[in-house]
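Open the model in your viewer and keep the sequence panel beside it. This tour tells you what to select at each stop, and what is there.

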Amino acid sequence: MINIKRAKEELKNAIEAYLWKDAYGNYEIPVIRQRPILLIGPPGVGKTQIMEQVAKECKIGLVAYTITHHTRQSAVGLPRIEKRNYGEKEYPVTEYTMSEIVGAVYDKMEVTGLKEGILFIDEINCVSETLAPTMLQFLQAKTFGTHRIPEGWLIVAAGNPPEYNKSVREFDVVTLDRIRRMDIVPDFSVWKEYAYQENMHPAVLAYLNIKPQNFCKIETTVDGRRFVTPRGWEDLSRLLLVYEKIGKKVDREVVVQYLQYPEIAKDFANYLLIYEKYQKDYQVEEILSGQIKETVYDKISRAAFDERLSLTGLLLSRLGTVFGEVLMQEEVMGRLMKILRGFRETEEEDGARRVNSLTDQVNRDWEGLRKQEILSKKEDLIYRRILKKLEAYQQVIYRQERKDADNVWEMLQEEFGKDSDAFEDGFSRAGRMLECGFDFMEAAFGDSQEMVIWITELNTNPSCVQFLREYVCERYYEYNRKLMQNMSL
């Protein structure tokens with residue numbers, strides 16, 4: 001049994017190994033020995049999602065199908081009669097048109113230009129009676145009907161264990177002996193890392209930190225199935241974030257549409273009401289700016305543990321957002337500096353044209369990656385921000401009517417310097433917010449359990465971890481040392 005993070009690592013390792021070529025350009029592991037990978041785990045645990053992540057990170061193509069949506073004809077192709085000569089006689093024989101699924105792989109290769117990739121088949125162990133032999137042939141021989149999957153395309157399949165789906169079919173030993181099977185179990189600590197990266201709603205994270213047992217639960221009762229999955233929490237989180245922007249409320253009736261476990265849905269809906277109250281009672285921005293009223297300390301000293309934990313979560317969520325924005329801006333500035341260096345590497349006398357050429361090249365690179373469908377959401381946002389900066393520089397050039405290359409270069413240095421100063425101010429402001437956060441935590445909680453949670457979450461949130469690699473916070477290291485010492489006792 002492994003968690004989804006380990007499964008993702010194993011997938012990436014398998015891709016690297018399967019696509020490794022020798023000095024003659026042949027795959028070190030022959031295609032026949034490149035075992036298909038089968039992911040078995042409960043619904044909503046993230047099997048499909050890691051496929052998208054792995055394909056983008058490995059910069060390969062991805063074709064995904066939910067096989068229960070297909071018939072034997074779409075998988076194998078339609079029969080047609082052709083004539084063949086055997087000996088000296090002509091005979092009618094049955095052939096099949098190309099499988100829709102195999103055709104989709106070739107289409108993806110043509111559109112993206114990527115010759116290697118993943119063919120992902122979901123719900124593979126829930127196929128119909130007529131399609132089951134085709135799926136077994138697919139896993140054993142890497143073919144759909146008479147059509148083979150192109151070389152360089154790896155097969156990954158996923159399915160649910162029988163306790164979650166009555167339609168599940170068990171694979172025979174012959175098939176199992178030809179695949180790599182990974183059994184995946186839900187793991188809240190791993191999902192929490194992902195949740196921080198995806199900026200999920202802080203109420204979801206705060207609630208699950210308090211009640212991690214409600215992260216993933218699937219039960220069969222006399223009244224039917226009751227379940228809550230990681231997918232349900234993520235989708236609900238997206239809705240909460242948007243509803244806040246458009247001024248809508250999420251109540252119990254909305255929550256139960258995502259968390260189809262009535263008791264948990266009711267519990268979380270009640271928590272949302274309390275969470276909103278905490279947001280009003282404790283002004284997070286004031287705390288992180290060092291402007292704390294004595295009434296806040298008085299209130300938190302009388303608060304229950306859940307309330308204290310929720311406030312800690314509110315502070316951490318705000319810091320994570322601020323750190324993430326600072327780090328994003330740092331990445332943009334670093335890449336922008338490299339791009340602007342290209343200005344001095346051309347002999348074009350017109351400075352405005354040089355900047356236009358640089359902007360056009362960035363645009364082409366961006367469009368190329370988007371066409372290949374290997375651009376992550378973060379990378380896409382970085383490109384958009386770089387292009388926005390370059391377009392702003394172009395506007396200054398046209399407004400000041402600069403053309404001479406030296407004059408334009410001087411202007412670029414000035415504008416980049418202003419942006420660099422703004423970034424440094426933002427970085428320093430984020431550091432002060434962290435220090436104010438420590439001031440509050442020490443004054444309100446001291447070395448209590450809340451401080452342990454504060455340090456632990458700073459070590460979990462990727463944005464916090466990366467920021468603290470660059471910003472020297474003595475108290476962070478001091479409390480970390482204490483935490484490590486207590487763990488070793």
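Start by selecting Asn480. Is it buried or exposed? Asn480 counts as buried, because its relative accessibility is 14% and buried means under 20% relative accessible area, exposed over 50% and partly exposed in between, with a 1.4 Å probe and protein chains only. Asn480 sits in helix H20, residues 474-488. Helices (H or I, at least four residues) and strands (E, at least two) are DSSP runs, numbered from the N terminus. Now show what Asn480 touches: Ile455 and Asn459, not counting residues up to four places away in sequence. Contact here means heavy atoms within 4.5 Å.

A word on the model before going on. It is predicted, so local features need pLDDT of at least 70 and side-chain atom pairs count only at pLDDT 80 or more, while totals for chains, interfaces and linings use all residues. Residues are numbered from 1 along each chain as its sequence is written, and side-chain values use heavy atoms, with hydrogens and water left out.

**The whole protein**

Zoom out. The protein has 20 helices and 11 strands. Its C-alpha atoms fill a box of roughly 100 × 75 × 50 Å, taken along the principal axes. Of its 489 residues, 46% count as buried. Take the contacts between residues at least 6 apart in sequence: 72% of them join residues at least 24 apart.

**The cores**

Next, select Trp191, Trp233, Phe268, Leu434, Trp454 and Leu458. In the largest nonpolar core, which has 96 residues, these touch the most other members. Which helix gives the most to this core? Helix H17 (residues 405-445) does, with 16 residues. A nonpolar core is a set of buried Ala, Val, Leu, Ile, Met, Phe, Trp, Tyr and Cys residues joined through side-chain atoms within 4.5 Å. In soluble globular proteins, nonpolar side chains tend to be buried together.

Another core, of 27 residues, lies apart from the largest one. Ala75, Ile124, Val127 and Ala132 are among its members.

Center on Phe268. Leave aside its neighbours within four places in sequence, and Phe268 is in contact with Ala203, Val204, Tyr207, Trp233, Leu236, Leu240, Val255 and Leu259.

**H17 and H18**

Select H17 together with helix H18, residues 449-458. Their axes come within 9 Å and cross at roughly 155 degrees. That makes H17 roughly antiparallel to H18. Axes are lines fitted to C-alpha atoms, for helices over the stretch in contact, and angles run from 0 to 180 degrees between N-to-C directions. Angles under 35 degrees count as roughly parallel, over 145 as roughly antiparallel, 65 to 115 as roughly perpendicular and the rest as oblique.

Show the side chains. From H17 come Leu434, Gly437, Phe438, Met441, Glu442 and Phe445; they meet Glu450, Met451, Trp454, Ile455 and Leu458 in H18. This contact divides into eight nonpolar, one polar and two charged residues. Ala, Val, Leu, Ile, Met, Phe, Trp, Tyr, Cys and Pro count as nonpolar, Asp, Glu, Lys and Arg as charged, and the others, Gly among them, as polar.

**Along H14**

Move to Thr312, in helix H14. Thr312 is buried, with a relative accessible area of 1%. Beyond four places in sequence, Thr312 is in contact with Met441, Phe445, Glu450 and Trp454.

At 39% relative accessibility, Phe305 counts as partly exposed. Which residues does Phe305 contact, leaving aside its neighbours within four places in sequence? They are Gln449, Glu450 and Ile453. Phe305 and Gln449 are 144 residues apart in sequence, yet 9.4 Å apart in space, C-alpha to C-alpha.

The contact joins Gly320, Phe323, Gly324, Val326, Leu327 and Glu330 of H14 to Ser463, Cys464, Gln466, Phe467 and Glu470 of H19.

**Two loop stops**

Finish with Lys59, in the loop between helix H2 (47-58) and strand E2 (61-66). Its phi is near 55 degrees, a positive value in a residue other than glycine. Lys59 counts as exposed, at 53% relative accessibility.

Then select Glu373, in the loop between helix H15 (351-372) and helix H16 (377-400). Phi of Glu373 is near 60 degrees, a positive value in a residue other than glycine. Glu373 counts as partly exposed, at 44% relative accessibility.
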